[in-house]
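Welcome! Below are a few exercises to work through with the model open beside you. Try each task before you read its solution.

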Amino acid sequence: MNRRSFLTATAASAVVPLPTATAPHRIGMTDVARLQQKFAAVVARDHQHGGMRGIETRALELAAEAIDLQDRGSAGQRVRGQLYAVAAAFTSSAMWAAIDGRRFDAAQRHHDRASRLAGMSGDQTIQFRIWSHAGTLYRHLGRPSAALAANDVARNLSLTRRDPLFGSLGHARHAAIHGTTGDRSAVCRSLGHAQEALDRAESAAPRPVWLEAFYGQSELDSLALAAHLALGSWSTAEAHAHRSLATLRTHMHRSRAITTARLARAQLGQGDLEPAVSTAMSIPHAAVHHPRISGMLRAFGAHLRECAPRSPHTRTWTHYEREALA
């Protein structure tokens with residue numbers, strides 16, 4: 001290289017700007033809103049199908065996405081709290097899918113993680129959801145004392161005093177737990193509190209999507225149905241089943257199938273074999289393989305064969321059961 005070329009190259013290199021440190025990505029409420037839209041989709045899918053491993057897996061992936069987002073940029077305290085809340089919400093949906101799918105060990109693991117995330121968020125609405133789900137988990141596990149204690153954590157949050165709708169759900173789920181203990185007076189007392197709180201709730205108040213998506217008069221009656229079935233109050237259970245089905249939202253396919261299976265059990269408890277079998281067989285074929293619903297239908301068949309082993313209706317059901325639940 002000659003002297004002139006060397007000087008030219010040196011001068012050019014001298015004016016090349018040095019690399020500057022890039023500012024960290026700022027995470028904001030638009031990122032939170034994007035995740036909340038995905039959460040709404042998870043909730044909608046759960047009400048259509050429920051209990052599926054795919055829902056559980058997807059919810060856990062989105063919870064991880066919410067946590068990882070915090071490590072990829074800077075955010076204020078409010079945004080970080082919201083990210084922890086949405087991560088807890090996704091994890092609680094995974095928990096609910098596991099409960100609904102009868103994967104109780106997985107549900108317990110999801111509860112442990114969801115409750116830690118919710119604690120970091122400071123969001124009482126998601127804390128309520130997680131502990132209310134825990135009460136349902138322990139009820140299905142046949143542990144009523146633990147179920148009542150977990151549901152009490154949800155019911156004792158100050159949120160339930162500010163918004164009667166949360167209080168109503170807490171009381172209604174308490175009634176379902178009391179049903180498993182055979183405490184009729186506690187069931188009636190809790191259902192009375194649930195109805196009174198529901199009647200006081202302001203319908204236009206802003207609430208999280210998971211609560212707005214399912215709770216109202218129909219769900220209260222569904223929980224009352226579960227409580228009275230556990231008590232063996234068949235006619236009262238049937239009345240709540242019809243009332244629940246009459247007001248059930250059209251998108252809640254899984255809930256309709258569960259309530260219909262419970263209605264069949266209430267009819268069978270009153271000795272109405274033909275209506276009971278007809279009701280049970282009316283559940284759409286797409287729903288009968290749901291773990292929770294198939295278990296309810298097999299239990300229905302066992303009760304039917306026990307109380308009327310030689311009935312033609314029992315033969316009809318047994319044939320249907322072999323074909324549909326195989």
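**Exercise 1: The largest cavity**

In this predicted model, 23 residues line the largest cavity, and those nearest its centre are Trp96, Arg173, Phe214, Glu219 and Arg254. Your task: find which elements give two or more residues to this lining, and work out how the lining divides by class.

Solution. 

Step 1. Start with the elements. Helix 2 (29-48), helix 4 (77-100), helix 6 (124-140), helix 12 (217-231) and helix 14 (253-269) each give two or more residues to the lining.

Step 2. Look for the top contributor. Helix 14 gives the most, with 5 residues.

Step 3. Now sort by class. The lining has 8 nonpolar, 7 polar and 8 charged residues.

Step 4. The volume of the largest cavity is about 360 Å³, and the structure holds 1 cavity of 30 Å³ or more.

**Exercise 2: The largest pocket**

Now turn to the largest pocket: how much space lies in it, and which helix gives the most to its lining?

Solution. 

Step 1. Take the volume: the largest pocket holds about 500 Å³ of space.

Step 2. Find the middle. Of the 20 lining residues, Ala226, Leu229, Arg262, Arg265 and Met296 lie nearest the centre of the pocket.

Step 3. Go through the helices. At least two lining residues come from each of helix 6, helix 12, helix 14 and helix 16 (291-307). Helix 16 gives the most, with 7 residues.

Step 4. Sort by class: the pocket lining has 10 nonpolar, 5 polar and 5 charged residues.

**Exercise 3: Phe39 and Phe90**

The whole structure has 6 aromatic pairs. Take Phe39 and Phe90: what is the geometry of this pair, and which parts does the pair tie together?

Solution. 

Step 1. Check the geometry. The ring centres of Phe39 and Phe90 are 5.6 Å apart, with 85° between the planes, and the pair is edge-to-face.

Step 2. Place the residues. Phe39 belongs to helix 2 and Phe90 to helix 4, so their pair ties together parts 51 residues apart in sequence.

Step 3. Are these residues buried or exposed? The cut-off for buried is under 20% relative accessible area. Phe39 has 6% relative accessibility, so Phe39 counts as buried. Phe90 has a relative accessible area of 0%, so Phe90 is buried as well.

**Exercise 4: The whole chain**

Finally, describe the overall form of the chain: how many helices and strands are there, and what is the radius of gyration?

Solution. 

Step 1. The chain has 17 helices and 0 strands.

Step 2. The radius of gyration is 26 Å, whereas a compact globule of 326 residues would have one near 20 Å.

Step 3. The C-alpha trace spans about 110 × 45 × 35 Å along its principal axes.

Step 4. Of the 326 residues, 52% are buried.

Terms used:
Residues are numbered from 1 along each chain as its sequence is written. This is a predicted model: local features need pLDDT of at least 70, side-chain atom pairs count only at pLDDT 80 or more; totals for chains, interfaces and linings use all residues. Side-chain values use heavy atoms; hydrogens and water are left out. On a 1 Å grid over the protein atoms alone, a cavity is a set of points where a 1.4 Å probe fits but cannot get out, and a pocket is an open set with protein on both sides within 12 Å along at least five of seven lines; lining residues have an atom within 4 Å of a point. Grid points are joined across faces, edges and corners, and a volume is the space filled by probe spheres set on the points. Helices (H or I, at least four residues) and strands (E, at least two) are DSSP runs, numbered from the N terminus. Ala, Val, Leu, Ile, Met, Phe, Trp, Tyr, Cys and Pro count as nonpolar, Asp, Glu, Lys and Arg as charged, and the others, Gly among them, as polar. Rings of Phe, Tyr and Trp (its six-membered ring) pair if their centres lie within 6.5 Å; planes under 30 degrees apart count as stacked, over 60 as edge-to-face and the rest as tilted. Buried means under 20% relative accessible area, exposed over 50%, partly exposed in between (1.4 Å probe, protein chains only). The radius of gyration is taken over C-alpha atoms; the globule rule is 2.2 Å times the number of residues to the power 0.38.
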